[in-house]
Amino acid sequence: MFLKANTVTTDILIIGAGGAGLFAAIQAAEQDVEVLVTTKGPFGKDGAATWMAGWGFNAAVYEPDSPELHAQDTLRVGQGLNNEDLVIKLTANAPNVFECMRHWGVRYFRHEGMILQNHLPGHTYARTPRLARPAGMGGLEYRRVLPKQAKKRSNIKILDDFYILEILQKNSIVCGAVGFHLPTGEFQIIKAKVTVLAAGGMMGNYRFTSASPTLTGDGLAMAFRAGVELIDMEFADFYTNCVVWPPLMYGDLDWIANLRYDLRGIFYNKKGDEFLRRQKGSLISIPVAIQREIQENRGSPHGGVYLSFRHLPGNLIDDWFAEAGSLKWVERLYEFNIDIKRNAVEVAPAPLESLGGCRVNSDLETNIPGLLAAGEVAGGCEGAYTLAGNPICLYLTTGYLAGLKAANLARELPLLDFEREQGDEVVHEAMMVRERHGEERPISLRRELQELLDHCGHLLGRNEDSLTAGIKKVRELRERWNVVGLSYKMPRNNLEWLEALQLKNSLEITEVFLKAALSRKESRGLHYREDYPEPDPAWIKNIVLVRDAQGNIEVKIEPVHSKATGCGRGVEGVS
Ligand SMILES: Cc1cc2nc3c(=O)[nH]c(=O)nc-3n(C[C@H](O)[C@H](O)[C@H](O)COP(=O)(O)OP(=O)(O)OC[C@H]3O[C@@H](n4cnc5c(N)ncnc54)[C@H](O)[C@@H]3O)c2cc1C
């Protein structure tokens, strides 16, 4: 077969240009190596979760706080499942990353020479610097600074609107990747000494989500196909209060989170019941409790619950909005006849962030030589639950460290040629998807996948029967994916083609996620099993999933990697 793809070479290939990918690129470039960064959207304006983040970057920069305390808070909230060595290294390096950003011009609010810090729930001290942006729009500050810093460095090349299809290997060593340029449909092979996967999470697969629909789990799926071990895949973070009404604010979240945290908003169901009071002493988390009200028909008219601030003096609320620079929200609420001092907004939990991902060591190396993982695509940093505002900190720091490690490796490693057959196959399969005349439409399969996730991949609904049925259904959808047919067959700007390819990844990674959720027979973090509603100390174990030689999902149950257990690699159970 003739491979219709050009080849470029680089020292380091970085797949993904969100915060983790750009930090990796900049750090590596500082070490004088050639870097190529790819993103599936326009550079700096794609659907990267980093640009959507609301809070600043947690870092222990002022005494009496310390990186050790930050690590302790992270491990406590992670409920025993984090990779302890990794957490310690990340929290120790977070102040360096914070300093880089400050030096590059990320702006913060100050008072008497000190950067103001928010004290988010779960933190021993206030350690979230307040970005000089309206509340909830911190990600825009990262977007203003990080892409500009990457562009400044002549040894960073950028390939945007470029969709990576697959990681390439030679004798089980990663030696680059293959993808295509969306505007032209031209394939390209990128040969690299080291590849850093920083392609973000899979939260875009849900129907109602706070994340961008472009976050379809491509990186996780391609890593899994390449033989990378995935860890903690059953855990996801859900945003507690995504505004579902008024509709203009659909999906807009962080201003309301700031408001709720700062002013202690109260949730009500449609009966006027302050239902969280009933939860006191219960292990059920707030998002799960809210979802239960919605599912048991006690929610608000637009599919949420009410969030009210009426218990507070009106001028206190006015002052908060003025200080947070968020007055535009007050105006928007008025357009819908909502005066936040008297009326509630309607909110519902929405998927936010994948906690699981590629198992990495504290140098961010995966089990496959030549491949590092950074950012949300990496697992083990957060364990079972997220410490408020921690993802940006942990993930950008993984990027920083992965960049340094990749540069060191690139100096030692040769540039390998990939296995031609693998490259040919990937290009051929992607082209064939475009040519097919099958009956199935990608958009219909996508809708069925979303329904499936609502049913058994959400906060509620996980039990033995639903998860087993969910896995069966996702396998059926994967079969049907083989006969998708596209209405538009040209290679240029073919978004239906892109969607078909993304869907393949979404389906594959959903099966892995459901398998992990089925395997964990307890409730922990936001993994709530209706048939095992309590946490079980015997389950302080990581679930590790890997593709076996036949392409099946192998599930391994392993001791957690901690200082006490050492490398934590002993396999305790395999199903
Ligand atoms: C709405 C929202 C608000 C949030 N708020 C906060 C917050 O306040 N604080 C906090 O700590 N965390 C927050 N998070 C979580 C945090 O923003 C993310 O976990 C973090 O930014 C992930 O960074 P990343 O670089 O790993 O991935 P991303 O920033 O998502 O970047 C992924 C990159 O990979 C690229 N990519 C994906 N697939 C491919 C492919 N096949 N080929 C090429 N490129 C590809 C994408 O184009 C993108 O450039 C929030 C998340 C969301 C969705």
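1. In what order do the strands of the open sheet of 4 strands stand? The order is E12-E15-E14-E13, and the pairing is antiparallel. Strands here are DSSP runs of type E with at least two residues, helices are runs of H or I with at least four, and both are numbered from the N terminus. Two strands are taken to pair if DSSP finds at least two bridges between them.

2. The model under review is predicted: local features need pLDDT of at least 70, side-chain atom pairs count only at pLDDT 80 or more, and totals for chains, interfaces and linings use all residues. Residue numbers start from 1 along each chain as its sequence is written.

3. Strand E14 (residues 305–308) runs antiparallel to E15 and is joined to it by 3 bridges; Val-305 has Val-347 in E15 as its bridge partner. Helix H7 (residues 286–295) lies across E12, E13, E14 and E15, and runs at about 130 degrees to E15. Axes are lines fitted to C-alpha atoms, for helices over the stretch in contact, with angles from 0 to 180 degrees between N-to-C directions.

4. Strand E9 (residues 173–181) has antiparallel partners in E8 and in strand E10 (residues 187–197). With E8 there are 8 bridges, and Val-174 in E9 stands opposite Gln-169. The E8–E9 hairpin has 2 residues between its strands, and Asn-171 in the turn has a positive phi of about 45 degrees. With E10 there are 5 bridges, and Gly-176 is partnered by Lys-191. The E9–E10 hairpin has 5 residues between its strands, with a positive phi of about 80 degrees at Gly-185 in the turn. Of the 9 residues in E9, 7 are buried, that is, each has 20 or more other C-beta atoms within 10 Å of its own, the C-beta atoms being placed from the backbone.

5. The axes of helix H3 (residues 84–104) and H10 come within 9 Å and cross at roughly 85 degrees. The two helices are therefore roughly perpendicular to each other, a term that covers angles of 65 to 115 degrees. The residues of this contact divide into 8 nonpolar, 3 polar and 1 charged. Among them are Leu-90 and Val-97 in H3, and Leu-394 and Tyr-400 in H10. Contact requires C-beta atoms, placed from the backbone, within 7 Å.

6. H10 also gives 4 residues, the largest share, to the shell around the ligand. Of the 40 residues around the ligand, Gly-16, Gly-18, Ala-48, Gly-200 and Gly-375 come nearest; a residue is near if its C-beta atom, placed from the backbone, lies within 6 Å. By class the shell holds 19 nonpolar, 15 polar and 6 charged residues. Nonpolar means Ala, Val, Leu, Ile, Met, Phe, Trp, Tyr, Cys and Pro; charged means Asp, Glu, Lys and Arg; the others, Gly among them, are polar.

7. Leu-230 belongs to strand E11 (residues 230–231). Leu-230 is buried, with 27 other C-beta atoms within 10 Å. Not counting residues up to four places away in sequence, Leu-230 touches several residues, including Leu-220, Phe-224, Val-512 and Leu-545.

Technical notes:
A residue is buried if 20 or more other C-beta atoms lie within 10 Å of its own, exposed if 12 or fewer, and partly exposed in between; C-beta atoms are placed from the backbone. Angles under 35 degrees count as roughly parallel, over 145 as roughly antiparallel, 65 to 115 as roughly perpendicular and the rest as oblique. Two residues are in contact if their C-beta atoms, placed from the backbone, lie within 7 Å.
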